[in-house]
Amino acid sequence: PLVGEDLACAAPAVGAGRFLQSQQTNNLREQQQLNQLQREQELNQTQQQLDQLRMRGQTSASPRQEQLNDVQRQVDQMRNDQQLNRLREDEQLNQLRQQPERLQQNRLEQLRSDQELNRQELQEQFNQTQQRLDELRR
């Protein structure tokens, strides 16, 4: 156990550790927000392309319209997934802030890993949807 002078020396280290944890948590939140903004921009661009195709193809055959509707459903699902991920990530960060310091670092690393995995999965979904849209443009 720490007593007297030892306790006084340990206090700044604990405070510095808390500050570092808080800084890392804030950095993770900023990265999440940046990823979300990028994903929203990509989805908005895809939506604009889809809308343009619909405007051009209003007199086209029905199967093409059904394909466009299918792509629209995919875009809508990606938007919903993104909103769900945002809520989940916010909740995880809020829980992280309430954990003891020794557990925070492990959890922070896990959240970073999860965030990267989610980002990769969403990017793959987006790429597939964009590819379908590009095929429909031809």
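**From helix to core and pocket**

Visitor: How do you know that the length of helix 2 agrees with what a helix should span?
Guide: In this predicted model, helix 2 runs over residues 62–98, and its 37 residues at 1.5 Å a residue should span 54 Å; the C-alpha atoms at its ends are 54 Å apart, and therefore the two values agree.

Visitor: What makes residues of helix 2 count as buried, and which are they?
Guide: Buried means under 20% relative accessible area, and in helix 2 this description applies to L68, V71, Q72, V75, M78, Q82, N85, E89, Q92, L93 and L96.

Visitor: Why is a set of residues called a nonpolar core?
Guide: The name is used because its members are buried nonpolar residues joined through side-chain atoms within 4.5 Å. The largest such core has ten residues, namely L43, L50, L53, L68, V71, V75, M78, F126, L133 and L136.

Visitor: What lines the largest pocket?
Guide: The largest pocket, with a volume of about 180 Å³, is lined by 14 residues, of which N35, Q36, R39, R119 and L122 are the closest to its centre. The lining divides into one nonpolar, nine polar and four charged residues.

Visitor: Where is confidence lowest, and where is it highest?
Guide: Confidence is lowest in helix 1, at a mean pLDDT of 76, and highest in helix 2, at 86, while the mean for the protein chain is 80.

Notes. Residues are numbered from 1 along each chain as its sequence is written. This is a predicted model: local features need pLDDT of at least 70, side-chain atom pairs count only at pLDDT 80 or more; totals for chains, interfaces and linings use all residues. Side-chain values use heavy atoms; hydrogens and water are left out. Helices (H or I, at least four residues) and strands (E, at least two) are DSSP runs, numbered from the N terminus. The expected span of a helix is 1.5 Å times one less than its number of residues. Buried means under 20% relative accessible area, exposed over 50%, partly exposed in between (1.4 Å probe, protein chains only). On a 1 Å grid over the protein atoms alone, a cavity is a set of points where a 1.4 Å probe fits but cannot get out, and a pocket is an open set with protein on both sides within 12 Å along at least five of seven lines; lining residues have an atom within 4 Å of a point. Grid points are joined across faces, edges and corners, and a volume is the space filled by probe spheres set on the points. Ala, Val, Leu, Ile, Met, Phe, Trp, Tyr, Cys and Pro count as nonpolar, Asp, Glu, Lys and Arg as charged, and the others, Gly among them, as polar. pLDDT is the predictor's confidence in each residue, from 0 to 100.
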